[in-house]
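Me: I am new to reading protein models. Could we go through this one in short steps?

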Amino acid sequence: MKILIGLGHPAHYHLFKNISKKLKDNGNQIYFAITPKDVLENLLIENNEEYYILDKRNKNDDLKSKLNKIIKSTKELLKFAKKNNIDIFIGCLTQIAYAGSYLHKPSIFLGEDDFNYTWLQGIVTYPYVTKILVPNVTNVGPFKYKKISYNGYHELAYLHPNNFTPDINVVKKYFSVDKPYFIIRFSKLNAYHDIGIKGINTEIAQNIIDILKPHGNIYITSERELEPQFEPYRIKINPLDMHHVMAFAQIFIGDSQTMSLESGVLGVPYVRFSGFIDQISVFRELDYIYQLGYGIKTNEVERLFQTIKELLNTPNLKQEWQQRREKMLSDKIDVTAFMVWFIENYPESAKIMKENPEYQ
């Protein structure tokens, strides 16, 4: 089978890297089509993947420009798909829905965010996609009739123990592990759903650093430019090594949705400072059911500082969080194994999932 995978974010490649490898091992042909963002292209290069660029992003693109680029890149995808006789489209790009619909080929969109959070992408994508494959807690709004749900998260496709084992020797390539360390993440917050959303500003960041400093080393990873006072804390890490570094951190603090989810799945306490608190179902589950992290609203700055202090004073913090992680893992599936089965057996697999009430 010839399978085209559409990617638009580094997390999308992580989601598919093990899935695509196993599909290849089973004799399928895999094609990656991407719209580069952050370190996405670097990840593909580092893993020696072949890929096709549909379009380049521009940080100054307005909504109209982004929609025009979707049209242009869909034409590019159609040409590529016809040339390579693609059998099925799967991934996280709107363009796969349009290409699949035009060519009368199945398209499967993998999402994790609720419709109310990424409503614009839902409106322009879901009417044209064949199936929407999402965690069972994810709400897809009026498109429930296309929803195929599973008991897991995207992050469990690449951070489940069956597919990932943290290696402290990888961390030692970058810095000493003699002292505890903390990861702080600053996002650009420039996606369409980030409009009007605030993150960690200079004053808040400085206060966080002042709180953490007596307890260990601090490392900042950032999509945006850093103020000069924070540059000494910046660390550059090979994107393929980042999850090893995250896994041994004491606490993760940031305004990044993806890295907060990854921290929770790894059993590392996360403190997420965001305007999206209580709006995303997978986070509500991790925050309240499994208690793997904390979501702090951007008008609760003092609560942010207090939460960090409470975590720092929690006895046996890492052991406690690993126990919470084990509870989460016992409830969830190996998402890579499920995805490989679903794709290779489609459309019969979709029928099986729909007929099984526990997946609705």
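Reply: Start with a definition. A residue counts as buried when its relative accessible area is under 20%, and as exposed when that area is over 50%. Keep in mind that this is a predicted model.

Me: Is Phe186 buried or exposed?
Reply: Phe186 is found in strand 8, residues 181–186. Its relative accessible area is 1%. The cut-off for the inside class is under 20%. Therefore Phe186 is buried.

Me: How far apart in space are Phe186 and Asn207, C-alpha to C-alpha?
Reply: Along the sequence, 21 residues separate Phe186 and Asn207. In space, their C-alpha to C-alpha distance is 15 Å.

Me: Which strands stand at the edges of the seven-stranded open sheet?
Reply: The strand order is 3-2-1-4-5-6-7, with parallel pairing.

Me: Which residue stands opposite Ile5 in strand 2?
Reply: In general, strands of a sheet pair through backbone hydrogen bonds. Here strand 1 (residues 2–7) and strand 2 (residues 29–34) pair in the parallel sense over six bridges. Opposite Ile5 stands Phe32.

Me: At about what angle does helix 13 run to strand 7?
Reply: Helix 13 covers residues 335–344. It lies across several strands, including strand 1, strand 4 and strand 7. Its angle to strand 7 is about 145 degrees.

Me: What kind of aromatic pair do Phe115 and Phe143 form?
Reply: The structure holds 20 aromatic pairs. In the pair of Phe115 and Phe143, the centres are 6.1 Å apart and the planes are at 50 degrees. Planes under 30 degrees apart count as stacked, those over 60 as edge-to-face, and the rest as tilted. This pair is tilted.

Me: Why does this pair tie together parts that are 28 residues apart in sequence?
Reply: Both residues are buried. The pair ties those parts together because its two residues lie in separate loops. Phe115 is in the loop between strand 5 and helix 5 (119–125). Phe143 is in the loop between strand 6 and strand 7.

Me: Which residue has its charged end over the ring of Phe283?
Reply: Phe283 lies in helix 10 (residues 281–289). Phe283 is buried, and so is Tyr270. The charged end in question sits 3.5 Å from the centre of the Phe283 ring. It belongs to Arg272.

How values were computed: Residues numbered from 1 in each chain as written. Predicted model: local features only at pLDDT ≥ 70, side-chain atom pairs only at ≥ 80, totals over all residues. Heavy atoms only, no water. Helix = DSSP H or I, 4+ residues; strand = E, 2+ residues; numbered from the N terminus. Buried < 20%, exposed > 50% of the residue type's maximum accessible area, 1.4 Å probe, protein only. Pairing = 2+ DSSP bridges. Contact = heavy atoms within 4.5 Å. Axes fitted to C-alpha atoms, helices over the stretch in contact; angles between N-to-C directions. Phe/Tyr/Trp six-rings, centres within 6.5 Å; stacked < 30°, edge-to-face > 60°. Lys NZ or Arg CZ within 6 Å of the ring centre and 35° of its normal.
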